[in-house]
Amino acid sequence: MENTHTLPYKIIDFSAQYAAQVSQLYHAAVQHINHPRYPQAKLNAWSSAPRSTKFWQLRYQRNRAWLAVNDQQEVVGFISVETHFSQQGYIDCLYVAPTSQHQGIARALYKTLVHWALQQQYSHLSVDASYLSKTLFETNGFALKQVSYQQKRGQTFTGFYMKKRLID
């Protein structure tokens, strides 16, 4: 049986007009995390307030980013990848709005990024996954290379540096 149901969102390239929404989504997604490894002090260190619109505009002038946008033109998710030579293929961000999680948005954003990376002939993708995103990346063929630790505002964050080969 064919699925004729259309997705409640579309994936588009980042555009500066969406920077304020990206900022709000990032902050809301972090603050709504409900996981024993992320007490409120850590969430506040991760994102104490939405960042400036200018921050996101400048960040995505340098890197590639895609947005999941719903029918009301609201950003419900975003993903980005570094394009600089030294960090090429590093997945920098992947966030989905708290009210839009578990709908396949992260997976669709990831697939868009992979399709683009293959067109660019990137040999690898890498990511510092959180406890929350580690399973998504493992499911998509990423292998753990090392556990990493990052200090932010007096809090220590554990990350999982993972890598996936795209082209042999």
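1. Start with H102, which sits in the loop between β4 and α4 (helices, H or I, of at least four residues and strands, E, of at least two are DSSP runs, numbered from the N terminus). H102 is exposed, with a relative accessible area of 82%; exposed means over 50% relative accessible area, buried under 20%, and partly exposed in between, with a 1.4 Å probe and protein chains only. H102 also has a positive phi of about 65°, although it is not a glycine.

2. A word on what you're looking at: this is a predicted model, where local features need pLDDT of at least 70 and side-chain atom pairs count only at pLDDT 80 or more, while totals for chains, interfaces and linings use all residues. Residues are numbered from 1 along each chain as its sequence is written, and side-chain values use heavy atoms, leaving out hydrogens and water.

3. Q121 is another one to look at. Its place is the loop between α4 and β5, and its phi is positive at about 60° although Q121 is not a glycine. At 64% relative accessibility, Q121 counts as exposed.

4. An α-helix has 3.6 residues a turn, so residues three or four places apart point the same way.

5. Now the sheet: 7 strands, open, with mixed pairing and the order β1-β2-β3-β4-β5-β7-β6. The edge strands are β1 (9-13) and β6 (143-152), each pairing on one side only. From one strand to the next the twist averages 25°. Two strands pair if DSSP finds at least two bridges between them; β4 (residues 90-96) and β5 (residues 124-129) pair in the parallel sense over 2 bridges. Y90 has S126 in β5 as its bridge partner.

6. Helix α4 (residues 105-119) packs on this sheet, touching β1, β2, β3, β4, β5 and β7 (155-165), and its direction makes about 35° with that of β3. Contact means heavy atoms within 4.5 Å, and axes are lines fitted to C-alpha atoms, for helices over the stretch in contact, with angles from 0 to 180 degrees between N-to-C directions.

7. Helix α1 (residues 19-31) lies across β2 (64-70), β3 (75-81), β4 and β6, and runs at about 95° to β3. Its end C-alpha atoms are 18 Å apart, which agrees with the 18 Å that 13 residues should span at 1.5 Å a residue. A19, V22, S23, L25, Y26, H27, A29 and V30 are buried in α1. The cover over them includes α2 (40-46), α3 (53-62), β2, β3, β4 and β6.

8. S133 is buried, with a relative accessible area of 19%. A polar atom of its side chain lies 3.1 Å from the backbone nitrogen of S130.

9. Overall, the protein chain has 5 helices and 7 strands. Its radius of gyration is 16 Å, close to the 15 Å that the globule rule gives for 168 residues, so the chain is as compact as a globular protein of that length (taken over C-alpha atoms; the rule is 2.2 Å times the number of residues to the power 0.38). Buried residues make up 43% of the 168. Among contacts between residues at least 6 apart in sequence, 62% join residues at least 24 apart.

Conventions
A polar contact is a pair of N or O atoms within 3.5 Å; within protein, one must be able to donate a hydrogen and the other to accept it, and residues adjacent in sequence count only if both atoms are side-chain atoms. The expected span of a helix is 1.5 Å times one less than its number of residues.
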